[in-house]
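Here is my note on the structure shown below. Please keep the model open as you read the points.

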Amino acid sequence: MAVLGWGASRRNEANSSVPETQLTPRLPYPDGWFALATSGEVPPGGVVTRRLAGADVVLYRTRSGRLRAIEPYCPHLGAHLGHGGAVEGEEIVCPFHRFRFDADGGCVATGYGTPPPKARLAGLECRELDDMIFVWRHSLGEPPSWEIETLPPAGFAKPYCGRHVRLDHPQEVMENIVDYGHFYPIHGYHHEVIEAPTFEGERLETTSRLRTEGSWLKVASTTPASKVVIQGLSVVRVQVESEQFGGFRARAWFCVTPVDPLHVEIRSSVALRCDNPFVHRLAPLIARAYVWAAWRDTSEDVPIWQNKIYLERPRLAKGDGPIMPFRRWARQFYTEPHPAVPTRSPRPRPAQNSGPAAVGDSR
């Protein structure tokens, strides 16, 4: 996976042939902040349902603009508020008996005028940053232990956002960023480390430059560097500054959310600014092109992601990058048991003379 890479990459047309029913989760769900929607997907009065770690989360916004994230079921008789629930003023109304709940979650009225019970909706911590909506998830229900860093808008154009669902796990998607060895064989990029990764608390920071051969962009020593900040196993922020095109800046989010044991939802958001007024007017189109290029790169990883297994003790080589430091850092985001051995996909054995058997992991 190349994060905000510059230049065209080679396309890999391979497709996975492994049925999803034959796959098992590689790792438990991590804890942290996860992107569930863009701001535009939850307008005032809007109610949407999203999946997070195998469960539904309902997002809604009151008419005054207050954003709320809640567990989906009404405490009265269990109706799903994301299926027919409606916002009226500052309250969300259950579709079953029209019980009403205020923005703090308390039940304030029934649908038939009787005194409301002492009931409340189970709220979830949420944040809205740079047009992205994040929800905190912890397997033991603990409150947020860290906050997502952001930067002021500072003249950036409205971001362009994209979304895809992939068969993978957040940790393995994030690990691609420090897997230096895969950049050239898969994407055709030469990867130059400018600042080696630092691991502090929930934060990982690194700066690098990607170069491509045969790109229509000028590839030289002035190719802009990308500063990458990773928080948890779900949030990546990328900053690029360049003197090209009259002073060009890009800011991107790359967010990975586990929707079930096998799949992740990858959301990207790119915002641009340029000191050249003419180029700045083209910022939305350029941002769209950046998102398209990011998905093109990611699509090259997909056949490998879908068919690989997780090796707890990989046999690494020089040039692979800081994979084991990354994995030691990643362990802090799990409260569920971490597997002691590699998780395998229970693929059927190949028939005799049908080709070489799959190679198992060496210990």
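1. Start with one loop. R98 sits between strand 6 (91-93) and strand 7 (100-101). Strands here are DSSP runs of E with at least two residues, and helices are runs of H or I with at least four residues, numbered from the N terminus.

2. Look at the backbone of R98. Its phi is positive, about 60 degrees, yet R98 is not a glycine. R98 is partly exposed, at a relative accessible area of 41%. Buried means under 20%, exposed means over 50%, and partly exposed lies in between (1.4 Å probe, protein chains only).

3. This is a predicted model: local features need pLDDT of at least 70, side-chain atom pairs count only at pLDDT 80 or more, and totals for chains, interfaces and linings use all residues. Residues are numbered from 1 along each chain as its sequence is written, and side-chain values use heavy atoms, leaving out hydrogens and water.

4. Now turn to D131. This residue lies in the loop between strand 10 (126-129) and strand 11 (132-137). D131 has a positive phi of about 70 degrees and is not a glycine. With 23% relative accessibility, D131 is partly exposed.

5. Step back to the whole chain. The chain has 5 helices and 18 strands. Of its 363 residues, 50% are buried.

6. Check the contacts, meaning heavy atoms within 4.5 Å. Among contacts in the chain with a separation of 6 or more, 61% join residues 24 or more positions apart.

7. Finish with the surface. The accessible surface of the chain is about 17,200 Å² (Shrake-Rupley method, 1.4 Å probe). Carbon and sulfur atoms hold 54% of that surface.
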